[in-house]
Amino acid sequence: MTQYQLAGTAWRVRYMFIQTQDTPNPNSLKFIPGKPVLETRTMDFPTSATAFRSPLARQLFRIEGVKSVFFGPDFITVTKENEELDWNLLKPDIYATIMDFFASGLPLVTEETPSGEAGSEDDDEVVAMIKELLDTRIRPTVQEDGGDVIYKGFEDGIVQLKLQGSCTSCPSSIITLKNGIQNMLQFYIPEVEGVEQVMDDESDEKEANSP
């Protein structure tokens, strides 16, 4: 873990310490600004087209080599385009962008679209238990690694999950799904026969690109 200190560009922020933390994905790095980002929520920006909701995400995508951005409760995960790009070249621009944004006082998001699936009265008992386990036992652990896991459905004993942030292109994501998440869900919920990763469908991409 490293630290980065900058003199603030606005009088409201004189100094800001930004910590960085490695993730299981070598192409993703977790930036910790030392203040709340989305507090209890997460937001995923897999492409620059999806960043229209966030001024900070848009600015980060302007940095050459940035592939995706993810906001956690108290961290920002940035994923670079490939392994050939040197983090030592990318980090100064990312540090400066994050610091300048927090100094500006602008809202992090202009249109609230939180990730995650809160329990509803329409959920049956099994689905409610799955969501509770995800929110209380699994998602906090995944967020420690700079990512998140989102419930998408439960059908024929299979839990459908979407990986976000550093988990999206992580080489160990399948191991995380099978050995970690699946084993825990099956231990507590006998009705769960397995888990599978789902990706955004065309309708999701179309919505993300609409103004």
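In the predicted model, Gln 160 stands opposite Glu 196 in strand 9. Residues are numbered from 1 along each chain as its sequence is written. Because the model is predicted, local features need pLDDT of at least 70 and side-chain atom pairs count only at pLDDT 80 or more, whereas totals for chains, interfaces and linings use all residues, and side-chain values use heavy atoms, with hydrogens and water left out.

Strand 8 (residues 158–165) and strand 9 run parallel and are joined by four bridges; strands (E, at least two residues) and helices (H or I, at least four) are DSSP runs numbered from the N terminus. Three strands make up an open sheet of mixed pairing, in the order 7-8-9, where two strands pair if DSSP finds at least two bridges between them. Strand 7 (147–155) and strand 9 (194–197) are the edge strands, each pairing on one side only.

Helix 3 (residues 125–144) lies across strand 7 and strand 8 and runs at about 165° to strand 7. Axes are lines fitted to C-alpha atoms, for helices over the stretch in contact (heavy atoms within 4.5 Å), and angles run from 0 to 180 degrees between N-to-C directions.

Asp 86 caps the N-terminal end of helix 2, with a side-chain oxygen 2.9 Å from the backbone nitrogen of Asn 88. Gly 105, whose phi is positive, near 80°, follows helix 2.

Key: Polar contact = N/O pair within 3.5 Å; in protein donor to acceptor, adjacent residues only side chain to side chain.
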